[in-house]
Amino acid sequence: MILASNFIFTLPVAILLANNLRDISTDAATGKRTLAVRLGDRRTRTLYRSCVVAAFATIVIGVIAFIVDERIGLTQWGLLGLAGWILAIRPMEAVGVVTGRDLVPVLSGTAAVHAATGLLLALGLVLVRVEAGGEDRSVVCGVRNFAPGDVVPWAAPGAKLPGGVEVGR
């Protein structure tokens, strides 16, 4: 799950960096000490690109981890998320050359990359069959950190948990 959280936070960080990149001159003039002001134009652009690349690298690392040990990482279906790279090309190119208001498409483009890649990665979730209470059930599971024969906690929809919480669908 740490790998999934890396993907989730690196693209929004890239969006914030692009926004702050756009505002470096005005932020510096008013005394704001944003990360972009501290890093400067060139290094902020590099950090933006690094965040985008890191998001996609995380997917690959997750799949490699699963191949090495099926109890961790993402199944190979997680590679569907890499198709989001197609949408990342334009913002990655633009962030290297545009300034000011022309960075707005970088912001919206990166948000589109985040949304599309997240959806594609979600498609990589696997539907698994488990035996629960003597009957087979389908369960959606995003990782394969279990093996056949493992005993794992599970509560069916409608089950009452301690504290009176009822499991919903």
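Predicted model: local features only at pLDDT ≥ 70, side-chain atom pairs only at ≥ 80, totals over all residues.
Residues are numbered from 1 along each chain as its sequence is written, and side-chain values use heavy atoms, with hydrogens and water left out.

Reader: In what order do the elements of the protein chain run from the N terminus on?
Author: Helices (H or I, at least four residues) and strands (E, at least two) are DSSP runs, numbered from the N terminus. The protein chain has 6 helices and 2 strands. From the N terminus on, the order is α-α-α-α-α-α-β-β.

Reader: Which kind of aromatic pair do Phe56 and Trp85 form?
Author: Rings of Phe, Tyr and Trp (its six-membered ring) pair if their centres lie within 6.5 Å; planes under 30 degrees apart count as stacked, over 60 as edge-to-face and the rest as tilted. The structure holds 1 aromatic pair. Phe56 and Trp85 lie 5.1 Å apart centre to centre, with 90 degrees between the planes, and the pair is edge-to-face.

Reader: Why does the pair tie together parts that are apart in sequence, and how many residues apart are they?
Author: Phe56 lies in helix 4 (residues 41–68), whereas Trp85 lies in helix 5 (residues 85–94). The pair therefore ties together parts whose separation in sequence is 29 residues.

Reader: Is Phe56 buried or exposed?
Author: Buried means under 20% relative accessible area, exposed over 50%, and partly exposed in between (1.4 Å probe, protein chains only). Because its relative accessibility is 5%, Phe56 counts as buried.

Reader: Are helix 5 and helix 6 roughly parallel or antiparallel to each other?
Author: Axes are lines fitted to C-alpha atoms, for helices over the stretch in contact, and angles run from 0 to 180 degrees between N-to-C directions. Angles under 35 degrees count as roughly parallel, over 145 as roughly antiparallel, 65 to 115 as roughly perpendicular and the rest as oblique. The axes of helix 5 and helix 6 (residues 104–123) come within 9 Å and cross at roughly 150 degrees. The two helices are therefore roughly antiparallel.

Reader: Which residues in helix 6 do Tyr48, Phe56 and Ile59 in helix 4 meet?
Author: Helix 4 and helix 6 pack at an angle of about 5 degrees, with their axes 12 Å apart. Contact means heavy atoms within 4.5 Å. Tyr48, Phe56 and Ile59 in helix 4 meet these residues in helix 6: Val106, Thr110, Val113, Thr117 and Leu121.
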